Every structure is written in C-alpha cells, then in structure tokens.
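Student: I would like to learn how to read a few features of a fold, starting with its helices and strands. Please take me through them one at a time.

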Amino acid sequence: MRAYISAKYYTLSDRKILERLCSTIESLGVDTYLLPRDAEEWFVKKLGGKELIEKSKEEIGKSDFLILEFSYGEINLGAEIGQAFFLGKPIVIITNNKRI
C-alpha cells in the first residue's frame with residue numbers, strides 16, 4: 001500500500017513535522033511519497049512547474065490514496081486533490097488548524 005502525501009513545506013519545522021508524519025505512516029506498513037522529499041530532495045534539486053505537475057500526477061497514479069496535510073489551508077494543493085479525485089483515489093485530510 002502506498003500513500004501520496006500532499007503538503008506545503010516552508011520551514012525546517014515543517015520538514016520535521018512531515019518527516020514525523022511519513023515515519024508514522026510507514027510504521028503502519030504503508031509506503032509514502034512526499035514530493036519535496038522524494039523528487040526535490042528537500043529542495044536540493046529545483047524542479048520547474050511543469051516537471052512538478054507531471055511528477056505529482058505520475059506519483060498520485062502509483063499511490064493507493066492521498067493524504068492531504070492541510071494545516072496551512074493552502075488552496076495551491078488543489079491540483080493534487082483534483083488529480084486524486086479524478087483517479088478515484090481516496091483522500092484523507094489531516095490538519096492541526098482549529099479554524100479548518
């Protein structure tokens with residue numbers, strides 16, 4: 001089983017939270033794919049917009065479901081949500097934002 005993690009990454013604190021999230025999911029026997037970690041190596045590699053879109057489509061297609069980490073309430077993640085929805089993938093939303 002494989003989960004595509006859709007999340008925004010702005011700070012080192014975000015990275016630690018996302019690493020902990022992936023580790024927790026992986027401890028349950030679910031493989032994870034996180035675009036900033038796996039495609040860009042935490043922004044060591046810079047992919048262009050078109051490359052990012054194509055990579056996310058490809059990896060969502062390979063995944064069984066999408067987990068949306070929605071603490072920032074970013075609408076920019078809409079393309080990934082739409083792709084998962086279009087492919088009939090279940091979408092799990094998690095957040096620590098009490099306003100959402």
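Tutor: Begin with the terms: helices (H or I, at least four residues) and strands (E, at least two) are DSSP runs, numbered from the N terminus. Axes are lines fitted to C-alpha atoms, for helices over the stretch in contact, and angles run from 0 to 180 degrees between N-to-C directions. Contact means heavy atoms within 4.5 Å. In this structure, helix α3 (residues 49-62) lies across β1, β2 and β3, at about 145° to β1. Helix α1 (residues 12-27) lies across β1, β2, β3 (65-69) and β4, and runs at about 155° to β2.

Student: What should I know about the model itself?

Tutor: It is a predicted model, in which local features need pLDDT of at least 70 and side-chain atom pairs count only at pLDDT 80 or more, while totals for chains, interfaces and linings use all residues. Residues are numbered from 1 along each chain as its sequence is written, and side-chain values use heavy atoms, with hydrogens and water left out.

Student: In what order do the strands form the sheet?

Tutor: Two strands pair if DSSP finds at least two bridges between them. Here 4 strands make an open sheet in the order β2-β1-β3-β4, with parallel pairing. At the edges are β2 (31-34) and β4 (91-94), each pairing on one side only. On average, neighbouring strands of this sheet are turned by 25° against each other, direction ignored. Strand β1 (residues 2-6) is joined to β2 by 4 bridges, and the bridge partner of Y4 in β2 is Y33.

Student: How do I read an aromatic pair?

Tutor: A pair of aromatic rings is described by the distance of the centres and the angle of the planes. Rings of Phe, Tyr and Trp (its six-membered ring) pair if their centres lie within 6.5 Å; planes under 30 degrees apart count as stacked, over 60 as edge-to-face and the rest as tilted. This structure holds 1 aromatic pair. The ring centres of Y4 and Y33 are 5.7 Å apart and the planes are at 25°, so the pair is stacked. Because Y4 lies in strand β1 and Y33 in strand β2, the pair ties together parts 29 residues apart in sequence.

Student: Is Y4 buried or exposed?

Tutor: Buried means under 20% relative accessible area, exposed over 50%, partly exposed in between (1.4 Å probe, protein chains only). Y4 has a relative accessible area of 1%, so Y4 is buried. Y33 is at 6% and also counts as buried. By contrast, E41 counts as partly exposed at 38%. E41 is in the loop between α2 (35-38) and α3, and its phi is near 50°, a positive value in a residue other than glycine.

Student: Which residues does S56 touch?

Tutor: S56 is in helix α3 and is buried at 9% relative accessibility. Leaving out residues up to four places away in sequence, S56 touches Y4, L35 and E80.

Student: How is a nonpolar core read?

Tutor: A nonpolar core is a set of buried Ala, Val, Leu, Ile, Met, Phe, Trp, Tyr and Cys residues joined through side-chain atoms within 4.5 Å. The largest one here has 13 residues, and those with the most contacts inside it are A3, I5, L18, I25, L34 and I67. At least two residues of this core come from each of β1, α1 and β3, and α1 gives the largest share, 4 residues. A second, separate core of 10 residues includes Y33, L35, I60 and L77.
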